[in-house]
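Here's a quick look at a ligand and the pocket around it. Have the sequence and the 3D view open as you read.

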Amino acid sequence: MPDFEPMSETESLPSQDAKPKLLRVLDHKVVNPPPIWLMRQAGRHLPEYRALRAKTSNFLEFCYSPELAIEASLQPVRRYGLDAAIMFSDILVVPDALGRQVGFMAGEGPKLDPLRPGDALPVFDEEAFHAHLTPVYSTVMGLRAALPQDVALIGFAGAPWTVATYMVEGGGSRDFQKIRRWAYTDLGGFQRLMDLLVDATASYLIRQIEAGVQTVQLFDTWAGVLPPDQFRRWVIEPTAEIVRRVRKAYPKTPIIGFPRGAGQNYIAYAFETEVNGLSLDATISPSWAVRAIPERCAIQGNLDNLALMAGGAALERSARDILQQFGKRPFIFNLGHGILPDTAPEHVEQLLSIVRENR
Ligand code: 1CP
């Protein structure tokens, strides 16, 4: 039978150990060895994922099939014994649920029907939006029932800026010219698009929490392309608003922010969004981060995904350095960005033994 214990009950259990390590860290505890999960842990580096994925040609259909999505989330936890599962889905289900055309072409990445300045914006019809995303909430409920109590379940969404880049550029981009120009030349129109994405994203995360995720991560993969004033307006402000709304509904559910590539803007992001956890990319120096990032913010990161792909001595050196630098703070071991498809599972095993045997 599914076991949908609310978080507060989990917290009041007599044994501290019943609460997943990842949640203890997000509650400002120093846990040693630190909990570990890997961005994009469910996916193409695993042969068992590729076999499961071969059952459906359409990637969005895969995301909307709870049975397949649950299995994809569980695969890396089963294989490696990681401290968290991330619900299997994609950030682009949000524009899809808002009625935009979204497709994934094999080998080419996502393609969307590009939204241009002056186009009618999608309307956030809350009921239709959540009806479309019902399979995602079913995935979450199934995962909560299947996971052991000490493994945290992470929900997620793309942050508004990153989701907007795909909606406006029509897919991945090298220079983000279309969206960046729109943000300068039609401020009012672009602000309305961002406001719509704030509404949809906050509401989506709240439903994920209601279905059973224990923490949520906001992926702002393309935050690093903006100068400071634009970063504040399109990354910090929308994120801070989402944090306020989610926290108002669920004050105890921690929120992790990942403004990839933000550089020194990580500091303003940490102070002004009030996220509970900050995911650092691999360009950030840990010794700088321990000094610059406020104590109340747990740190997650930030192993170079190429060091993981390389394995051996390079992996050992990088991982030990990170452990040493962040060991005295509330810290979650992770990569600086997603695991790459060509990464050998043996290297993930090597990393786990380094992290867990380090004392
Ligand atoms: O055929 C396939 O299997 C498609 C590959 C794939 C997978 C496995 C895509 C297409 N998305 C996903 C799953 C996914 N995407 C997850 C769950 C798995 C996990 O994390 O373990 C998550 C959290 C995402 C998030 C996501 N999608 C981000 C943010 C994180 C990041 O890595 O930067 C982004 C930018 C996307 C867009 C996207 N979806 C898929 C691709 C190939 C891309 C990137 C396109 C680009 O580089 O512009």
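## Ligand contacts

An N or O atom in the side chain of T221 sits 2.7 Å from an oxygen atom of the ligand. That's a polar contact, meaning a pair of N or O atoms within 3.5 Å. Bear in mind that this is a predicted model, where local features need pLDDT of at least 70, side-chain atom pairs count only at pLDDT 80 or more, and totals for chains, interfaces and linings use all residues. Residues are numbered from 1 along each chain as its sequence is written, and side-chain values use heavy atoms, with hydrogens and water left out.

With D90, a polar side-chain atom is 2.7 Å from a nitrogen atom of the ligand. On its own the ligand has 890 Å² of accessible area (Shrake-Rupley, 1.4 Å probe), and the protein covers 86% of that.

## The pocket

Where does the ligand sit? It's in the largest pocket, with "sits" meaning that more than half of its atoms lie within 2 Å of the pocket's grid points. A pocket here is an open set of points on a 1 Å grid over the protein atoms alone, where a 1.4 Å probe fits, with protein on both sides within 12 Å along at least five of seven lines; lining residues have an atom within 4 Å of a point.

The lining runs to 39 residues, with R40, R44, F59, D90 and F104 nearest the centre.

Definitions and conventions. A polar contact is a pair of N or O atoms within 3.5 Å; within protein, one must be able to donate a hydrogen and the other to accept it, and residues adjacent in sequence count only if both atoms are side-chain atoms.
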